[in-house]
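Hi everyone, thanks for coming.

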Amino acid sequence: DGIHYVVGPNVDDGAAAALAKGKSLLPVGVRQVVSEFDRGEIVAVRDSGGREVARGIARYTAADARKISGKQSDQIERVLGYDFAPMLIHADDMVVL
């Protein structure tokens, strides 16, 4: 694979199912952020079994993704003090595998 990416969030089964239907990755479905990445980097999304289900462009850094993991989108600004987007990865910036 010629494109650089890092392992990003692990998601719950509900989020994995939503991604398979072409939905964006919301923070509420993220259970763990595995490695370090910056905003704008390509990250691999894995399901609860460790299987890669998607790759996409991160809207938040790994550090911020950890802070908002499991939270509703309307809590992002309260937790971080800013809000780039209501999702970690927008569906338009993601490829489902």
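Before we look at the sheet, one convention: two strands count as paired if DSSP finds at least two bridges between them. And please keep in mind that this is a predicted model.

So, what is the strand order in the open sheet? With 5 strands and mixed pairing, the order reads β2-β1-β3-β4-β5. At the edges sit β2, residues 30–33, and β5, residues 94–96, and each of these pairs on one side only. Ignoring direction, neighbouring strands in this sheet are turned against each other by 25° on average.

Let's zoom in on one pairing. Strand β1, residues 6–11, runs antiparallel to β2, and 3 bridges join the two. If you want a spot to look at, find N10, which stands opposite Q32 in β2.

Now the core. The largest nonpolar core has 23 residues, and those touching the most other members are V11, L19, L25, F37, V45, L88 and I89. At least two core residues come from each of β1, α1 (13–20), β2, β3 (42–46), β4 (52–57), α2 (62–68) and α3 (76–80).

Take L88 from that list. Apart from neighbours within four places in sequence, L88 is in contact with L25, P27, V30, I57, A58, R59, Y60, A65 and I68.

Which element supplies the largest share of the lining? That is β4, with 3 residues.

Conventions. Residues are numbered from 1 along each chain as its sequence is written. This is a predicted model: local features need pLDDT of at least 70, side-chain atom pairs count only at pLDDT 80 or more; totals for chains, interfaces and linings use all residues. Side-chain values use heavy atoms; hydrogens and water are left out. Helices (H or I, at least four residues) and strands (E, at least two) are DSSP runs, numbered from the N terminus. Axes are lines fitted to C-alpha atoms, for helices over the stretch in contact, and angles run from 0 to 180 degrees between N-to-C directions. A nonpolar core is a set of buried Ala, Val, Leu, Ile, Met, Phe, Trp, Tyr and Cys residues joined through side-chain atoms within 4.5 Å. Buried means under 20% relative accessible area, exposed over 50%, partly exposed in between (1.4 Å probe, protein chains only). Contact means heavy atoms within 4.5 Å.
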